[in-house]
Amino acid sequence: MDFTPHSLDRTALRNGRFELVEWRWPSMIDFVKTESELMVEMSLPPHATDASAEFPEIDSGNHCFMGTLFVRYPGMAVHGRGSGGRIRLLRCVFSANEAGTILQAGENPPLEVLQGLLDIRSDTLRTLMSLTLRELTAPGLGSADALDAFHHLIATEVRRHFARQAHGSHAGRLAAWQFRRIRDRLSRDEQPPSNADLAALCGLSVRHLNRQFQALTGNSLGDYIESHQMERARNMLCGGDLPIKTIAAQLGYSHANSFARAFRRVSGTTPLTYRQRTAASVPKSLR
């Protein structure tokens with residue numbers, strides 16, 4: 001499907017542009033779209049639609065509500081779906097330089113921030129967008145100056161929004177649902193995940209995941225992963241007759257010696273000694 005909208009108005013400014021666009025889609029829409037520019041969009045009644053969206057590259061299947069005022073983050077794929085028909089939007093698009101000033105970051109924001117951007121509850125931002133729409137549809141004396149001023153004010157408000165979101169996310173602790181995802185992933189009977197894998201599950205960078213995990217648990221993520229793996233190792237050692245080399249491979253160790261060193265560091269004994277001791281402590285009738 002062609003995602004190119006019909007342009008009703010396009011006004012270029014010093015640090016970006018305003019666009020008034022419209023689609024005429026089928027009764028239901030389902031699309032994946034990645035924007036190259038940072039933009040604020042506002043759906044215009046009565047040409048609006050109820051929609052939900054997800055970020056398939058970092059949290060596939062977790063759809064959230066998409067409101068009538070939202071920010072499209074550049075370079076981030078969005079999978080949206082909802083009722084179609086006639087849809088009209090006002091866009092405030094920022095130049096690359098302006099977007100860099102607004103974002104002030106070298107990495108993508110965490111998942112909860114991206115989801116929050118899809119349904120922005122800001123009366124100030126909505127008012128500025130509404131005033132812009134009025135100026136576009138009924139231009140008067142000094143419209144060019146007015147639109148440039150509105151664009152600057154919208155940029156300022158979006159920059160403040162990102163600053164509040166970044167501060168709240170980076171300074172906080174790991175959320176309960178994020179910790180649960182880490183725990184559930186580690187409990188699977190498969191190769192252990194890397195820190196990058198767990199960060200992707202939580203919608204965070206590796207650096208922020210480590211910091212927020214430490215704030216929540218008091219332990220480093222690496223220590224927690226190792227402790228969890230050693231608990232799996234103990235269960236495997238006393239629950240069957242798998243060769244120690246096989247157990248090491250299933251736990252993600254490339255060599256049995258590196259597994260043995262890690263096990264001894266955590267448990268105070270070697271895997272072989274642990275297996276022998278636990279076997280000797282089990283009554284013969286239960287073996």
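**Figure 1. Salt bridges in the predicted model.** The structure contains 16 salt bridges, where a salt bridge is a side-chain nitrogen of Lys or Arg within 4 Å of a carboxyl oxygen of Asp or Glu. The model is predicted: local features need pLDDT of at least 70, side-chain atom pairs count only at pLDDT 80 or more, and totals for chains, interfaces and linings use all residues. Residues are numbered from 1 along each chain as its sequence is written, and side-chain values use heavy atoms, with hydrogens and water left out.

**Figure 2. Close-up of arginine 17 and glutamate 19.** A salt bridge joins these two side chains, with an N to O distance of 2.5 Å.

**Figure 3. Close-up of arginine 88 and glutamate 22.** The side chains form a salt bridge at 2.6 Å, N to O. Arginine 88 belongs to strand β7 (residues 78-94) and glutamate 22 to strand β2 (residues 16-33), so that distant parts of the chain, 66 residues apart, are linked (strands are DSSP runs of E, at least two residues, numbered from the N terminus). Glutamate 22 is buried, at 7% relative accessible area.

**Figure 4. Close-up of arginine 72 and glutamate 41.** The closest N and O atoms of this salt bridge are 2.9 Å apart. Because arginine 72 lies in strand β6 (residues 69-72) and glutamate 41 in strand β3 (residues 39-43), the pair ties together parts 31 residues apart in sequence. Arginine 72 is buried at 8% relative accessibility, and glutamate 41 is buried at 0%.

**Figure 5. Close-up of a salt-bridge network.** Salt bridges link Arg10, Arg17, Glu19, Glu35, Glu37, Glu41, Arg72 and Arg91 in a network.

Note on methods. Helices (H or I, at least four residues) and strands (E, at least two) are DSSP runs, numbered from the N terminus. Buried means under 20% relative accessible area, exposed over 50%, partly exposed in between (1.4 Å probe, protein chains only).
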